[in-house]
Amino acid sequence: MSNDARHDLVVIGGGLAGLAAACRAAELGLRPLVLEAGEDDRYICNSRITGGIFHVAMHDIRVDTAEARRHIENASCGFARPELVEALAENAGRSIDWLRRQGIRFIRGGPTPELGTVLAPPRLQQFGMHWKGRGGDVLLRTLSDRLAENDGTIMRGARVRALLMDSGRCIGVEAEIGEEVRRIESAAIVVADGGFQADAELVRQHISPAPEKLCQRNAETGRGDGIRMAAAAGAKLVGMDSFYGHVLHRDARTNGRLWPHPMIDSMAVSGIVVDREGRRVLDEGLGGVSVANAIARLADPLSCTVICDSVAWRGPARDAILGPNPNLAKAGCEAAVTNTLDELADKVGLPVGQLGETVRLYNDAVARGRLHALDPPRTSDRFPSLAIAEAQYFAVPVCAGITYTMGGIAIDACARALDENDRPIPGLFAAGATTGGLEGGPNSAYTGGLSKAVVFGLLAGEAVAAQAARQAA
Ligand SMILES: Cc1cc2nc3c(=O)[nH]c(=O)nc-3n(C[C@H](O)[C@H](O)[C@H](O)COP(=O)(O)OP(=O)(O)OC[C@H]3O[C@@H](n4cnc5c(N)ncnc54)[C@H](O)[C@@H]3O)c2cc1C
């Protein structure tokens, strides 16, 4: 084992969170080292294949702090740690200015508020993964260049396996670099390794009884290393049971043209989701992210079918960006279509009588304004609840697509990792998708993977620089 102590800061992971932390620390005069498990020049990670929409809780990221706080609080329903809400609301706009100063370009991606700040060049309106030369790829290459200009270093092919601790303080890491295990000491460590979505064991423990039945709608580089290492060092883990993701066609698990789009969310929230018995199993009105979480938690996450009528199919299912109508067919996978519900049940293998009965009960609740009395109840304040009454009828077998996990290492507003008593662990910081406390909760609140990564990456870099300045003084 060799030793190396030339760096003021070691960052675990070279996604947006890690590079933002390293670049900001380098700007402030530190010499950071980023250890990145990926070996390629353009190593794959969620930041590289991202959709590129910088938003705050699906609202414009450029709104003032008070409005941003309101949007995050509304989404979170009291789950998020208040100091993290404040930190995100206060620093979201500034983080976009900072990215622009690094040379990152943004465009308006569409008319709705959340699309105001989208990485350029935007994602191609095509099926399957096309990330080379698109926004996330340019983002990481630009930040890597800025880091090199400021005397920072990225070491690729370096997978961190353990944190080095001394009397409760984090003093470095142990990394596998090729055949070698290297011990690298540093006054500060930032964990930014991107969550645990691709680790079947952690997903089974916290999210779904059958992780193999979820679609990995991600780069599969988030293997929970940081979360395990931080927990072993005494860090608290929070909100581990939720993920950001979408409802996808069931074949997306094996057909790369069916993820990350088309998403079936718009059809699910304007129709119903039934199990193999033809019965509703979740609250469709909470939105696509919540529906995907509920499907993943079922004993069999491959048991659901989304049903709607022609009003929903020609309305919300067509109006959504890359929605199922007509994009499922364009991706080579048709929805089942029939003139009656009985024919539809027969066609997709659901009990004929039961599907009709489920729709009758649902339509009755819509007509009488009693959606809350259904079992399970249906929320109706976010998406219009439409009767399923107008032929033709449509069915799509679905699965849950997991993009990134929302929970993880508890942090404070300076991105310091916290122990079980909410005290900072000296020397240990965390940022991005490996952290918890902001997103998730009962409604799987989504505040934005990119905004979380850049804001807490910046805050981590600044906190480490402040710590270094205090130690120097
Ligand atoms: C298809 C897709 C579309 C998305 N669209 C959007 C969007 O439009 N808007 C939005 O807000 N969010 C979006 N997201 C989510 C967002 O991209 C991520 O939440 C964000 O990029 C996470 O950044 P990160 O730096 O925390 O993690 P990552 O980008 O995942 O980076 C973590 C890095 O750590 C490395 N690593 C892992 N383990 C180790 C280890 N042990 N040692 C060293 N390195 C390690 C990995 O290789 C990886 O490079 C999308 C994600 C996907 C997959």
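Which residues are exposed on the other side of α13?

1. Basis and overall build. The model is predicted. Its chain contains 14 helices and 23 strands. The radius of gyration is 23 Å, close to the 23 Å that the globule rule gives for 473 residues, so the chain is as compact as a globular protein of that length. The C-alpha trace spans about 75 × 45 × 40 Å along its principal axes.

2. Burial and contacts. Of the 473 residues, 54% count as buried. Among contacts in the chain with a separation of 6 or more, 74% come from residues 24 or more positions apart.

3. Domains. Two domains are assigned: domain 1 takes in 2–208 + 217–240 + 407–472, and domain 2 covers 243–402. Their centres, taken over C-alpha atoms, are 34 Å apart. Domain 1 puts 14 residues into the contact and domain 2 puts in 21 residues. On the side of domain 1 that touches domain 2, four residues are nonpolar, eight are polar and two are charged.

4. Helix α13. This helix runs over residues 352–368, 17 residues in total. From first to last C-alpha α13 reaches 25 Å, close to the 24 Å expected at 1.5 Å a residue. Its buried residues are L355, T358, V359 and Y362. Viewed down the axis of α13, the buried residues fall within an arc of 95°, so they line one face of the helix. On the other side of α13, the exposed residues are G353, D364, A367 and R368. The cover over the buried residues of α13 includes β16 (272–274) and α12 (341–348). After the helix comes G369, with a positive phi near 65°.

5. R378. This residue sits in the loop between α13 and β19 (393–405). Is R378 buried or exposed? R378 is buried, because 23 other C-beta atoms lie within 10 Å and the cut-off for a buried residue is 20 or more. Leaving out residues up to four places away in sequence, R378 touches D283, E284, G285, L371 and S385. Between R378 and A365 there are 13 residues in sequence and 9.5 Å in space, C-alpha to C-alpha.

6. Cis peptide bonds. Two deserve a check against the model. One joins A120 and P121, with omega about -10°. P121 belongs to the loop between β7 (118–119) and α4 (135–149). Another cis bond runs from A391 to Q392, with omega near 5°. Q392 is in the loop between α13 and β19, and R378 is placed in that loop too.

7. Positive phi at two serines. S167 has phi near 50°, a positive value in a residue other than glycine. S444 likewise is not a glycine and has a positive phi of about 50°. S167 is in the loop between β9 (158–166) and β10 (169–177), and S444 is in the loop between β23 (435–436) and α14 (449–472).

8. Helix α4. At 1.5 Å a residue, the 15 residues of α4 should span 21 Å, and the end C-alpha atoms are 21 Å apart, which agrees. The buried residues of α4 are G135, G136, D137, L139, L140, L143, S144 and L147. Covering them are elements that include α1 (16–27), α3 (82–102), β7 and β8 (153–156). Just after α4, D151 takes a positive phi of about 70°.

Definitions and conventions
Residues are numbered from 1 along each chain as its sequence is written. This is a predicted model: local features need pLDDT of at least 70, side-chain atom pairs count only at pLDDT 80 or more; totals for chains, interfaces and linings use all residues. Domain bounds come from an automatic or database domain assignment. Two residues are in contact if their C-beta atoms, placed from the backbone, lie within 7 Å. Ala, Val, Leu, Ile, Met, Phe, Trp, Tyr, Cys and Pro count as nonpolar, Asp, Glu, Lys and Arg as charged, and the others, Gly among them, as polar. Helices (H or I, at least four residues) and strands (E, at least two) are DSSP runs, numbered from the N terminus. The expected span of a helix is 1.5 Å times one less than its number of residues. A residue is buried if 20 or more other C-beta atoms lie within 10 Å of its own, exposed if 12 or fewer, and partly exposed in between; C-beta atoms are placed from the backbone. The arc is that of the directions from the helix axis to the C-beta atoms. The radius of gyration is taken over C-alpha atoms; the globule rule is 2.2 Å times the number of residues to the power 0.38.
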